[in-house]
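Here is a short tour for anyone meeting this structure for the first time. Have a look at it, then read on.

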Amino acid sequence: MSANRLGAAASAYLRSAAHQPIHWYPWGPEAFAAARAEGKPVLLDIGAVWCHWCHVMDGESYEDPAVAELLNRDFVCIKVDRDERPDVDTRYQRAVQVLTQQGGWPLTVFLTPDGEVFYGGTYFPPDGKYGRPGFRTVLASVLEAWRDRRPQVDAQARAIRRVLDRQPETRGAGEPAPGILDDAVDGMLRVFDPVHGGFGRQPKFPHPAALSLLLSRWWDEPRPEIRAVVERTLDAMADGGIHDHLGGGFHRYSVDAEWIVPHFEKLSYDNSELLRVYLDAYASFGTARYADVARGVVRWVREVLADPEGGYGASQDADVGLDDDGDYFTWTRDEAAAVLSAEELDLAAAYYDIGTAGEMHHNPAKNVLHVATPLAAAAARLGYEDDVAAKLLGSAEAKLRAARERRTTPFVDRTRYAGWNAMMASALLRAGAVLDDRWAEEHALRTLSRLRAEAPEGDAVAHTPAGGGGLVDDQVQVAAAALDAYEATGDDGWLEWAERIMERVWREYRDPDAGGLFDRARTGSGEGLLPAGIKPIEDAPAPSANGVAAIVCGRLHQLTGGDEWQARTAELLGAFAGRAGDLGLHAATWLLALDRQLKPATHYVVTGAGDNPEAAQMHRAALATFAPRRAVQRVTPETAQRRTLPRAVAAMAGRGPRAIGYACIGAACDAPAESLAAWRAALSARNPRIRFEAPSP
């Protein structure tokens, strides 16, 4: 029997705490009513099932009977899954950042019974270490203040709330101008690490939206220093320990500047955006290794996250126990030697730096696999021909992968969060086109069909299948994915669904006074800080909802010709133009929307009868290309009769059932291409690096 109220929770993270002796409440009015009735402060713990230090604090403190006795006697305790309730997490992260200038998970916050913050932090060890106060000491200090200095506590809570109410996004309006883009790109170049790639020092986060912006800028202005930033960063991440060389995909971030030692959790939304940028870089530069990295991400999604009926799990944990730190993913020299031949070990050790001294502090013998020596150099050192070395490395990787699969596998959270599922479906549709991966395309469409079936017409897209009010992230990401499905299939139903979603977003999430979209529908209800209006503009690290919404509105204008979408794009950009430039790297999604607004779009239109096989091949060729601000439309005579199209597109569709391709940038169009060969030549003229892949098995 559960010791608290979490045993029946939908969240895997909350259920994992059901056995704890703490009398946990889930977030909701019942907890705050109890705190008011008993006159107790609230302890709010926010974490995630993939969070290493959350598990550590659970084991050290929340499973300690003495700590539990104190908490149950003197506090009302609430546990929140940040993936399930990002709206709660966002507000309380901001409050703790006001106090400490730091945030993260676990987030440990002390509240009044009305949900106002008066003290907080992140991880607290049970007794002071790591330069942090001990949790028992913190609890004693909080209780002393609550009982003996209540006016001071209330004053602190009011002061924090005043700061939160003056968030800069509420006064961020400005004129969307090209200089904002120029300054942001220059700022990214200044913080680029030319030695190790990426931005800043340590810890290192991937920032895929910033790389996408730089890729777009390079396409328009092929400055070698911009290409160098993109390639150096993608190469360094692909080489580094942040990349799972055996299982595919990427860990969340690197604790060091060299990308070697990661936090080992693997999140769906990180991998969807990294998959997209590696695909676009491959389509832009023709670098075969980027396609290989992308195939590895797809393999990890297929083998670990994908639900056969459609949908993707949220994350894969880093660890399997409290004393573990990525042990599933790392290797001692002896562990590698136990499964490899002597030749395989020598080559793998040289290539992946598998030595007797590893990189993990908790176990110095543990090695994080990373490319320390290029394969050709390792082969030359060991006296192998390149083809022999490649075969040896391939067999070594296969044996290491098989041995790793026999280990206890870190937990996979199977929760299907709508926004994250939409992001992954979009990325897999892109993989289907660029790599000609039919599984990726078909599964992405199955996922979006399932999302559409679970969101009855007229209702907001729910955050999870279990419900839980639709957040603006879910709405705009699903709308974006629906547009990708429309471009991939030519099925008008996807376009119409995207329009319906965005109409609802405009009614229910828009700030009618200052512009921009709130993260929650404008109900003004909820406990604690929930009624506070927050309009997300930063990529933190998932793409900002207002940036995605502006891109979606711009695409809807491009695909339908509707003037209302152009006006809405302009409003979303103007609402933040006074602030987004200052955020630079951290507002890259919004900057991509600004780029789409200010620069000419590329539009590929393929006409012809719905059953015309040459038109189908031309359509797939267009989808495989990269160009900034690109839209692809497959238009049939029936489509032209059934719906309103942009005037120019409607004119193209009037030529009958023959397969014809039209390539336009802005208002300038090439001569129509009336065969697959001519169409591929037209696409290749715009991007000589394009490759038309053979279909995958």
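## A bridge across the chain

E538 is partly exposed, at a relative accessible area of 35%. In this predicted model, its side chain forms a salt bridge with R579, and the closest N and O atoms are 3.7 Å apart. The pair ties together distant parts of the chain, 41 residues apart. E538 sits in the loop between α20 (492-508) and α21 (545-560), while R579 sits in the loop between α22 (563-574) and α23 (580-583). R579 has a relative accessible area of 15%, which is under the 20% cut-off, so R579 counts as buried.

## Other charged pairs

Side chains of opposite charge can pair when their charged atoms come close. How many salt bridges does the structure hold? The count is 52. One of them joins E38 and K40, at 2.9 Å from N to O. Here E38 is partly exposed, with a relative accessible area of 44%, whereas K40 is buried, at 16%.

Another one pairs D89 with R82, with 3.8 Å between the closest N and O atoms. Are these two buried or exposed? D89 is buried, at a relative accessible area of 4%, and R82 is buried as well, at 9%. Salt bridges can also link up into a network, as they do for D182, R217, E221, R223 and E225.

## The nonpolar cores

The largest nonpolar core has 112 residues. Which residues have the most contacts inside it? They are Y278, M502 and W590. Among the helices, α19 (residues 472-489) gives the most to this core, with 11 residues.

Setting aside neighbours within four places in sequence, W590 is in contact with I180, I537, S544, G547, L572, L573, F576, A577 and A580.

## Two helices side by side

Now for a helix pair. The axes of α25 (residues 613-623) and α28 (residues 676-686) come within 10 Å and cross at roughly 10°. An angle under 35 degrees counts as roughly parallel, so that is how α25 runs relative to α28.

What do the helices use to meet? From α25 come E614, Q617, M618, A621 and A622, and from α28 come L676, W679, R680 and L683. By class, the contact of α25 with α28 has 6 nonpolar, 1 polar and 2 charged residues.

One runs from Q202 to P203, with omega near -5°, and P203 lies in the loop between α8 (178-191) and α9 (208-220). The other runs from A540 to P541, with omega near -10°. P541 is in the loop between α20 and α21, and that loop also holds E538.

Q101 has phi near 65° and is found in the loop between α5 (86-100) and β4 (107-111). For D436, phi is about 50°, and its place is in the loop between α17 (418-434) and α18 (438-453). Which of the two is buried, and which is exposed? Q101 is exposed, with a relative accessible area of 66%, but D436 is buried, at 9%.

Methods
Residues numbered from 1 in each chain as written. Predicted model: local features only at pLDDT ≥ 70, side-chain atom pairs only at ≥ 80, totals over all residues. Heavy atoms only, no water. Salt bridge = Lys/Arg side-chain N within 4 Å of Asp/Glu carboxyl O. Buried < 20%, exposed > 50% of the residue type's maximum accessible area, 1.4 Å probe, protein only. Helix = DSSP H or I, 4+ residues; strand = E, 2+ residues; numbered from the N terminus. Axes fitted to C-alpha atoms, helices over the stretch in contact; angles between N-to-C directions. Parallel < 35°, antiparallel > 145°, perpendicular 65-115°, else oblique. Contact = heavy atoms within 4.5 Å. Nonpolar A, V, L, I, M, F, W, Y, C, P; charged D, E, K, R; others polar. Core = buried A, V, L, I, M, F, W, Y, C linked by side-chain atoms within 4.5 Å.
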